[in-house]
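Trainee: I'd like to learn how to read helices and a few backbone details in a model. Could we go through one together?
Mentor: Gladly; let's bring it up.

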Amino acid sequence: MSETEDQLARKNARLAHALSAARQELSSLRQEIDRLTAPPLSFGTYLRTVDALQRIVDISAAGRKMRVAVSQQVPLGGLQAGTGVILDDHLCVIATTEAEDTGDIVAVEQRLDDDHVLVIVRGEDSRVLRLAGDLARERLRLGDSLLANLRDGIALRRVLRAEVEDLLLEEVPHTPWEAIGGLSEAIEQIRDAVELPVTHPELFTEHRLRPPKGVLLYGPPGCGKTLIAKAIATSLSRTAGADAYFLNIKGPQLLDKYVGETERRIRLIFARARDKAALGLPVVIFFDEMESLFRTRGSGVSSDVETTVVPQLLAEIDGVEELRNVIVIGASNREDMIDPAILRPGRLDVKIRIDRPDEAGSAEILARYLTADLPIAEAEIEAAGGVAEAVAAMRSALLAAIFTRDEHTALLTVRRRSGATETWHLADLVSGAMIATIVDRAKTAAIKTYLETGTRGLSTDHLRHALQRELADSADLPGASDPEEWARVIGRGRGGDPIVAVIPVAGGDA
């Protein structure tokens with residue numbers, strides 16, 4: 001081949017390569033033009049199959065129900081209610097996609113059948129929705145929150161809402177009666193009311209005696225009302241042979257600014273109780289701070305929320321009559337503010353005052369917190385002749401200091417409307433919570449002493465210093481805005497001669 005022919009061949013090869021590259025670029029451009037000019041795809045939600053042989057299904061797209069064909073590339077077996085589908089320009093299903101992950105939150109009102117549910121939308125409207133495939137296989141309860149596509153009428157999945165789950169915290173407490181000190185008389189009354197109907201139902205039937213629906217525990221704060229409620233649940237667990245569910249509801253948690261929402265939450269609580277009781281499990285519904293929500297209607301003490309909330313609670317308590325293994329317990333520092341309809345016989349039948357412990361009761365409580373298995377200072381053990389003796393001596397010293405009525409334990413000077421004055425000492429305000437706090441403070445002081453000096457163990461001096469700190473804190477507690485209300489909360493008010501002033505002893509003369 002001559003040089004000229006060789007040059008022509010190379011030029012021809014370059015031209016061929018350039019033409020091939022141009023064709024590829026044109027093809028790519030044509031594909032991009034086709035892509036950009038293709039009709040848009042639309043999305044829908046699969047409802048049900050109409051004809052499997054003809055591959056015809058019903059879908060909903062933007063609230064519009066349609067009957068369309070399904071491409072051979074899409075397996076019908078993979079379609080279930082709520083599945084997202086993609087439609088071409090001929091409105092044929094050509095692919096599937098993930099279901100909606102955004103939408104409206106609705107609350108379950110009633111399960112209608114296997115595929116449908118009645119829900120509450122925005123706290124007021126009722127809608128019937130179709131259940132998505134996975135959701136249809138779940139067990140739905142009244143009040144459950146669901147994510148829903150309201151345009152297509154599909155409930156997609158369950159949503160765990162923190163405020164609802166926290167409100168309905170189901171504890172399985174393990175608090176035996178033996179853990180409660182200083183309340184033996186009250187405990188006996190409670191056990192008669194709660195345990196006897198469970199352990200001897202045949203005797204109640206024979207005597208035509210209806211078990212109590214509820215118990216009201218009232219009295220000053222810090223005296224063990226919540227602990228007793230947990231002990232009731234533990235006791236029911238033992239007598240019934242199954243873990244009791246303890247629904248711990250604080251009154252203020254139920255309040256909601258939206259109309260009807262508080263009532264819905266009350267219905268939700270009792271629905272959860274019925275759900276558990278239907279399985280044969282004992283259920284305790286514990287309303288703490290009951291007076292904050294269920295105040296006397298028309299009292300003018302709070303807003304008019306109680307005019308609808310109280311009747312809702314009454315309806316639910318009356319509904320408990322048809323259930324077994326459900327008991328309602330209320331706790332309050334101001335039982336005089338609770339609506340009388342709640343406290344009448346047939347609702348919260350048993351009313352038990354949980355009062356401040358006396359010296360003997362305080363000794364029982366102290367024995368729960370100051371025990372021989374704690375690190376005790378060697379000096380205390382040597383002086384007493386043994387660990388048990390040292391602990392007993394330390395308990396006696398602390399109790400004597402608490403119940404001594406002198407200038408060292410005087411806390412408050414109280415003036416009443418009649419002009420009478422009186423002095424309240426630490427013994428007048430003692431509670432189980434206070435005793436536990438004193439011991440905890442002493443333990444903290446013992447740890448600090450060990451870290452600073454290397455001397456290990458709890459001593460009587462630690463307890464005395466902790467008591468002094470409690471005295472100082474207790475003297476700072478009274479509120480000046482309404483002394484009588486404050487005194488009623490702590491269980492020291494007296495309606496006949498109300499308190500007009502509460503003055504710390506260190507703050508001046510009466």
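Trainee: What span should the 17 residues of α13 have, and how far apart are its end C-alpha atoms?
Mentor: Keep in mind that this is a predicted model. The expected span of a helix is 1.5 Å times one less than its number of residues. For α13, with 17 residues, that gives 24 Å, and its end C-alpha atoms are 24 Å apart, so the two agree.

Trainee: Which residues of α13 are buried?
Mentor: Buried means under 20% relative accessible area. In α13 the buried residues are Ala-390, Val-391, Met-394, Leu-398, Leu-399, Ile-402 and Phe-403. For the chain as a whole, 44% of its 510 residues count as buried.

Trainee: How do I describe the packing of α11 and α13?
Mentor: Two packed helices are described by the angle between their axes and the distance between the axes. Here α11 (residues 359-369) meets α13 (residues 387-403) at an angle of about 140 degrees, and the axes are 11 Å apart. That angle makes α11 oblique to α13. Their crossing is right-handed.

Trainee: Which residues make the contact?
Mentor: From α11 come Glu-359, Ser-362, Ala-363, Leu-366 and Ala-367, while α13 supplies Arg-395, Leu-398, Leu-399 and Phe-403. Sorted by class, this contact has 6 nonpolar, 1 polar and 2 charged residues. Leu-398, Leu-399 and Phe-403 were also on the buried list for α13.

Trainee: Where is Leu-91, and what is its phi?
Mentor: Leu-91 is in the loop between β4 (84-87) and β5 (93-97). Its phi is near 60 degrees, again positive in a residue other than glycine. Leu-91 is partly exposed, with a relative accessible area of 32%.

Trainee: Finally, how many helices and strands does the chain have?
Mentor: The chain has 17 helices and 19 strands. Of the contacts in the chain with a separation of 6 or more, 64% are between residues 24 or more positions apart.

Definitions and conventions: Residues are numbered from 1 along each chain as its sequence is written. This is a predicted model: local features need pLDDT of at least 70, side-chain atom pairs count only at pLDDT 80 or more; totals for chains, interfaces and linings use all residues. Side-chain values use heavy atoms; hydrogens and water are left out. Axes are lines fitted to C-alpha atoms, for helices over the stretch in contact, and angles run from 0 to 180 degrees between N-to-C directions. Helices (H or I, at least four residues) and strands (E, at least two) are DSSP runs, numbered from the N terminus. Angles under 35 degrees count as roughly parallel, over 145 as roughly antiparallel, 65 to 115 as roughly perpendicular and the rest as oblique. A crossing is left-handed if the near helix is turned anticlockwise from the far one by less than a right angle, and right-handed if clockwise. Contact means heavy atoms within 4.5 Å. Ala, Val, Leu, Ile, Met, Phe, Trp, Tyr, Cys and Pro count as nonpolar, Asp, Glu, Lys and Arg as charged, and the others, Gly among them, as polar. Buried means under 20% relative accessible area, exposed over 50%, partly exposed in between (1.4 Å probe, protein chains only).
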